[in-house]
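Please find below some short notes on this model.

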Amino acid sequence: MMTSVDTDLIRVLADPLRLKIVNLLAHETLCTTHLVEETGARQTNLSNHLKVLREAGVVDTEPCGRFTYYRLRPDVITALAGQFTELAETARTTIDTDRKRAC
């Protein structure tokens with residue numbers, strides 16, 4: 001059984017600011033203004049990171065007047081966690097069977 005992890009999503013979440021945004025959004029839905037206050041990032045930089053997260057399907061947006069609110073999509077995080085769980089199970093099976101490729 002070959003298990004792979006979504007490397008594109010890993011790259012998206014590997015950026016420290018994007019990971020901080022994801023952590024903040026795990027606790028509440030926030031607008032760009034809130035995220036600027038919480039992260040200390042410049043608004044333009046933050047908007048670029050939010051665009052990456054949105055395009056990767058990690059966050060959803062909700063317009064509210066002149067503001068846009070961002071909400072984490074827990075199903076995406078759950079799916080990624082499931083991929084890592086499967087990878088760990090594959091590794092356990094490999095260790096348990098002492099399977100190795102001949103040189």
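Which residues in α2 meet which residues in α4?

1. The model is a predicted one. In it, α2 contributes L17, R18, I21 and V22 to the contact. From α4, the residues that meet them are N45, L46, H49, L50, V52 and L53. Sorted by class, the contact of α2 with α4 has seven nonpolar residues, two polar and one charged.

2. On geometry, helix α2 covers residues 16-27 and helix α4 covers residues 43-55. Their axes come within 10 Å and cross at roughly 75 degrees. An angle of 65 to 115 degrees counts as roughly perpendicular, and α2 and α4 are therefore described that way.

3. On the cysteines, the structure holds zero disulfides. The sulfur of C31 has its closest cysteine sulfur in C64, at 8.9 Å, which is too far for a bond. A disulfide would need the two sulfur atoms within 2.5 Å.

4. C64 has a relative accessible area of 40% and is partly exposed.

5. On the strands, β2 (residues 59-64) and β3 (residues 67-72) run antiparallel and are joined by six bridges. One of the residues to check is T61, whose bridge partner in β3 is Y70.

6. The hairpin of β2 and β3 has two residues between the strands. In this hairpin, G65 takes a positive phi near 65 degrees.

Notes:
Residues numbered from 1 in each chain as written. Predicted model: local features only at pLDDT ≥ 70, side-chain atom pairs only at ≥ 80, totals over all residues. Heavy atoms only, no water. Axes fitted to C-alpha atoms, helices over the stretch in contact; angles between N-to-C directions. Helix = DSSP H or I, 4+ residues; strand = E, 2+ residues; numbered from the N terminus. Parallel < 35°, antiparallel > 145°, perpendicular 65-115°, else oblique. Contact = heavy atoms within 4.5 Å. Nonpolar A, V, L, I, M, F, W, Y, C, P; charged D, E, K, R; others polar. Buried < 20%, exposed > 50% of the residue type's maximum accessible area, 1.4 Å probe, protein only. Pairing = 2+ DSSP bridges.
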